[in-house]
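Hi,

Here is the model I promised to pass on. Have a look first, and my notes follow below.

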Amino acid sequence: MPTALRCGDVVRIRSERWRIVGHVGYGGAALVEAAGCDGSNRNVRARFLLPYEPVDRLPSSPAPRLVRPTRWRYIARQTLAEACPGWSSLRTAARASLDVLPFQLEPALALTRGDGCRFLLADAVGLGKTIQAGLMIAETLARRPDARALVVAPAGLRDQWREELRGRFGVDAAILDSAGIARLAAQLPADVNPWGVPRAVITSIDYVKRPEVLRALETLTWDVLVFDEAHNLTGRSDRAAAAAMLADRARALALLTATPHSGDDAAFARLCGLGNPDGAERLILFRRTRGELGMAGSRRAPLIRVRPTADERAMHEALMAYARLVWTEAAGGAKLVASVLARRACSSAGSLARSVERRLALLTGAGVPDHTQPALPYADSGADDDQPEALLALPGLHDVGDERRRLETLLRLARAAAQQESKIAALHRLLSRVDEPAIVFTEYRDTLRQLAAAIGHDLVAELHGGLTPRERSDALHRFAAGKARILLATDTGSEGLNLHQRCRLVINLELPWTPLRLEQRAGRVDRIGQARRVHVVHLVAAGTCEEATLARLVRRLHRSHGTLSLLAAMPDERQVAEAALTHRPVPEPMQQPPAVPPGVVAMDLRREAQQEALWIRQARALAVDSERLERPIRPVIARVRSRGRRTATPRGVWLFRLAFVNRSDDLVWESLLPLTADMPGVRGRPERARAALNACHPAVQRALLHVQDGCLEALQSTLRPALRRWQNRERAVMDALRGRHARLSAALAQRGLFDRRHERLAEAQAVLLDRALSDAEDRLADLCACEQLRADACELIWAVALE
């Protein structure tokens, strides 16, 4: 391997010429990133591991080459298009496939500026949180060749994340689940951890929370960790515990959720505390609404009153009498039985009949034995659109005989009402009158299947929490490709989907008792890029608790749409249930946000983002077609005559590339330095103009040195606070490793009485801990090396005489 290889060097690798653009040393080895210089590798970027890859440095000639004005213009435009105006400027946004919306650049700017290491992206539904997090990932990977990213998302969103990262940012992320790990492990040596190979990994929280999976992550840290739908991590569960352990090992953490506060201050505090075990690291909060951004769309949300049949009215009356009695007599979790049955009745009479039948069987002990294998503690618990078995087994009334008689009566009425369901008939009429795609939401999986049978399986695609990833992908493809006009979905199955290109109509078969879900449902189609007016239709059973309580709440929420703070405390399911079952009014949504936990800082980078967006647009306008792209090995000079009136005095323009390195000679930033000067007496004299453009001229060198010193001072002052924050974060990661002895799955080990498995496991863990700490110490040393910067090579890119 050539000694002292650095950025800007031209090398020959595999019979092709490459220019080194990134270099990270690892003792006697180095990982280099290179850009192609030949016709065969033009526009190609690749990474090579030295000294295992044979490399020959090519001699460089500082003598500039005279080119025609047309070629100089192409070179000048591409040079400016690829440049970054500042050290914290975004390096991947100009090449990304996305519309430049300034507010979407703010989180990535906060990350590159070093404003914080933990971020809560709590924008309203449909404002592009995935794009914002993807930009943060792309920036992290572009700035360090050995950086690694982890995205933890609901299982149904993994494919969507992979397509977004690949299509928009050119990041090839690997989805790792049981099958993915098996495929990758089959290609690797036995001692190589599959999780440490891909630069970007996507997985699900229900997979990563498994103890045997956590064990594989014990020695790994992440440069950026993204939790999508982070509101699912606020409880006291295996999910939350696994998320907390991973967050403590991340150098940068991004939490994505449109519903950060569900009315539970303690849950919100737990969300804000992720990745902050010692409470010293602040959380940067971004929470923007459509109204604040001037993007308030046009949405219609009519409520259609559906008149129940006589059987349905009798069913609702008997149900409410029983549910209110249970709410009065029961204590604790048993009260939820009343809420569950009322919600099931609002969904469909058939759903209520199945729940009542199951409850009778569980209470009398006459149910059919369940021979299915009990769920393991790490099984996927995200599918909450099925019948809640555990709640149905809780007794509700003190008088067991009275409760059984009431349930038997209710079951008879529900079965009669299920013969002709008014809501399903109303939905069928509505869909027959609307000749366009629609999404029909229901809260329960069995109701969804009932709708599919009523509408016709050939016309619908089904999306619920019980589908495998392949079945889910097939259902989405059928709907997106136009093979199915109707998408039947539950909240669990549709979480995080982008369907605005296909659809603008959402129909709610029943009103959810968690008001935040209404906005989540509408957000599947009411997103950035939706060109038409969105319609959200609510079907409400007239004369029931759904109309008396939920419909009023929905009307109030619709009137305040776009004006409530995203952190406003909304009525939760318990408050809604109490209002529906006791005739009490539903609490008003809080217009003012609740108290924010200490250490949460709302960041406003609108001015900086506007400037960054302007530069990105200019860079895109300057970019040259790939067929005309040229990366010259030598500097170029040109003489350009003015197309209009001649300038009074010809001027010379020089553009230099200045590299700043740390005390380990690793590249920190490359800056473009322009210089201009009058050049009298060169008009019409090519040789004199060429001599005047000589970059080694003493006057040019003096001016260059002055500008260089100013850039170095500005860079050091800008970098200093960010370095302190990153160093503190790296030390916190090391403390987390030491505190848990690199054990994420500590509960797996159990001391044996007659073997030494515990001792052998402890010895292996010590090796893993040393390896993880060694990597963190190397990162900390790199950050400390950046405290002392110096200007390194200053190379002329091009010079031009404007005559």
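Are F660 and W669 buried or exposed? Both are buried, where buried means under 20% relative accessible area, exposed over 50% and partly exposed in between (1.4 Å probe, protein chains only).

Before the rest, some housekeeping: this is a predicted model, with local features needing pLDDT of at least 70 and side-chain atom pairs counting only at pLDDT 80 or more, while totals for chains, interfaces and linings use all residues. Residues are numbered from 1 along each chain as its sequence is written, and side-chain values use heavy atoms, leaving out hydrogens and water.

On the aromatics, there are five pairs in the structure (Phe, Tyr or Trp rings, six-membered for Trp, with centres within 6.5 Å; planes under 30 degrees apart are stacked, over 60 edge-to-face, the rest tilted). One of them is W18 with F48: the centres are 5.3 Å apart and the planes at 75°, so it is edge-to-face. That pair joins distant parts of the chain, 30 residues apart, with W18 in strand β2 (residues 16–26) and F48 in strand β4 (residues 45–50). Strands here are DSSP runs of E, at least two residues, numbered from the N terminus. W18 is buried at 5% relative accessibility, and F48 is also buried, at 5%. F660 and W669 are stacked, 6.1 Å centre to centre with 10° between the planes.

As for the sheet, five strands make an open, antiparallel one in the order β4-β3-β2-β1-β5 (pairing needs at least two DSSP bridges between two strands). β4 and β5 (56–57) are at the edges with a single partner strand each, so one side of each has no neighbour in the sheet. V11 has R57 in β5 as its bridge partner.

Cheers

Definitions and conventions:
Helices (H or I, at least four residues) and strands (E, at least two) are DSSP runs, numbered from the N terminus.
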